[in-house]
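Morning, everyone. Please have the model open on your screens. I'll keep this short.

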Amino acid sequence: VPRSLPACFAATGWSLGLGALAWSSVVTYETGQLLGTMCAADAELTSFPALGGAAFAKWRASRAAARAEAVDDGARARWNAAGRRATLAMQFATYYLTAVAELIYFEQYCGQLFARSPLCQWQWLLVVALVTLPVMQVPSFHESRWAALTVAVLPMAFNVAVFLYEVLLVRPWSCEPGPTHTPPTASQGFLGLTAFAYAFGGHGLYPEQIREMADARQWPRVMRLTYGVALPLYWGCGLLGYAAYGDSAQANINLNFPENGANVASLWVQLLQEVYFMLSTNLVMVLAIEIHLGIDPARAWTPAWRGLPPWAARLLLRTLFLGSQVFVAQLLLS
């Protein structure tokens, strides 16, 4: 995400982009802390849909109180259910499409690395799906913590270093013609704002991650540490990248780099990262489905689900789920 922010600025320009980044940095931090407070205060709030349902019911009760009306338990339950469904639909739609986007990024990196391969984009998509499927079997966020460190955090540090190296190597602002920074059109600005929202999309997983913490009271520290790392990277890469590449900044920033060894190494590292991104993006959805169906994500052999051990039920469900995303990605590519 830090390396995609130059493309966000390319869509919004300086003024709108700086405003969007500043707004998102502050608001998502404050609301992230608030989510932690709510989840710690009520043990039943273990997901974003559960939070949404409680918020809808609370809002309805407060409206009724303002009008001196009575709200029975049935009405409160109906509003809670409506809030759950609406939040669940929003969460699934956004994260489902996020995973589709990651699949397309994944196959594009393969196309860049293996430019002489006879495989087309749709064929690379099948290859990356087969690579992703085994990693998709990691049961929960808790079990993915070592993958997060080795396949996400460390490669991110390496890729940011490559980004700085490539920008300072070429210094595009000294080239002729140099980068241009054109004010955006309305449609470009809207697209750029959605991209900034995507940059803070991890916000939509916070309650599910808090659910798996040994001590949810440590969430404020998690937020401070995470934002203490993420925000300097977002601001540094975004501003430097847009200053360097201007309107030509690509969402896949490697397309802006010269075809040298550092760029190739960065692409290889991103192949590893994409495997983890597919897992972390899909976990919140497949866990919600499995918990709803009664498949225990923490068990391997018992209790059985319709005659299948939990690991086999997970394999079946997650294969079908990933397969549906591959199908949607294929439609978009065609």
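Predicted model: local features only at pLDDT ≥ 70, side-chain atom pairs only at ≥ 80, totals over all residues.

Let's start with helix α1. It runs over residues 5-41. How far does α1 span between its end C-alpha atoms? A straight helix of 37 residues would span 54 Å at 1.5 Å a residue. α1 spans only 35 Å. Where does α1 bend? Look at Gly-13: α1 bends there by about 120 degrees.

Stay on α1 and find Ala-22, which sits in this helix. Now find Ala-10. Ala-22 and Ala-10 are 12 residues apart in sequence. In space, their C-alpha atoms are 16 Å apart.

Next, what does α1 meet? One partner is helix α6, residues 186-199. The axes of α1 and α6 come within 8 Å. They cross at roughly 90 degrees. Therefore α1 and α6 are roughly perpendicular to each other. Which residues make the contact? On the α1 side, they include Leu-5, Cys-8, Phe-9, Leu-16 and Leu-21. On the α6 side, they include Gln-188, Gly-192, Leu-193 and Phe-196. Sort the contact by class and you get 11 nonpolar, five polar and no charged residues.

Now helix α5, residues 145-170. Count 26 residues. Its first and last C-alpha atoms are 37 Å apart, close to the 38 Å expected at 1.5 Å a residue. There is still a kink in α5, of about 25 degrees. The kink is centred on Pro-155.

Which residues of α5 are buried? Pro-155 is one of them. The others include Ala-148, Ala-152, Asn-159, Phe-163 and Glu-166. Keep one rule in mind as you look down a helix. An α-helix has 3.6 residues a turn, so residues three or four places apart point the same way. What covers the buried residues of α5? The cover includes α1, α8 (219-245) and α9 (261-293).

One more stop in α5: Val-153. Its relative accessible area is 41%, so Val-153 is partly exposed. Now look for Gln-273. Val-153 and Gln-273 are 120 residues apart along the chain. Their C-alpha atoms are separated by 8.8 Å.

On to the loops. Let's begin where α5 ends. What follows α5? Arg-171 does, and its phi is positive. The value is near 50 degrees, in a residue other than glycine. Why point that out? Most residues other than glycine have a negative phi, and most peptide bonds are trans. Arg-171 belongs to the loop between α5 and α6. Its relative accessibility is 47%, so Arg-171 counts as partly exposed.

That loop between α5 and α6 also holds Pro-177. Check the peptide bond from Glu-176 to Pro-177: it is cis. Omega there is near -5 degrees.

Now jump to the loop between α9 and α10 (310-333), where Pro-303 lies. The peptide bond from Thr-302 to Pro-303 is cis, with omega near -5 degrees. Arg-306 lies in the loop between α9 and α10 as well. Phi of Arg-306 is positive, near 55 degrees. Is Arg-306 buried or exposed? Its relative accessible area is 75%, so Arg-306 is exposed.

The loop between α6 and α7 (206-211) contains His-203. Why is His-203 called buried? Buried means under 20% relative accessible area, and His-203 has 16%. What does His-203 touch? Leave out residues up to four places away in sequence, and the list is Thr-28, Thr-31, Gly-32, Leu-35, Phe-48 and Tyr-95.

The other residue is Arg-217, in the loop between α7 and α8. Its relative accessibility is 68%, so Arg-217 counts as exposed.

To recap: α1 bends at Gly-13, α5 has a kink centred on Pro-155, and α1 crosses α6 at roughly 90 degrees.

Key. Residues numbered from 1 in each chain as written. Heavy atoms only, no water. Helix = DSSP H or I, 4+ residues; strand = E, 2+ residues; numbered from the N terminus. Expected span 1.5 Å × (residues − 1). Bend = angle between axes of the 7 residues up to and from the residue. Buried < 20%, exposed > 50% of the residue type's maximum accessible area, 1.4 Å probe, protein only. Contact = heavy atoms within 4.5 Å. Axes fitted to C-alpha atoms, helices over the stretch in contact; angles between N-to-C directions. Parallel < 35°, antiparallel > 145°, perpendicular 65-115°, else oblique. Nonpolar A, V, L, I, M, F, W, Y, C, P; charged D, E, K, R; others polar.
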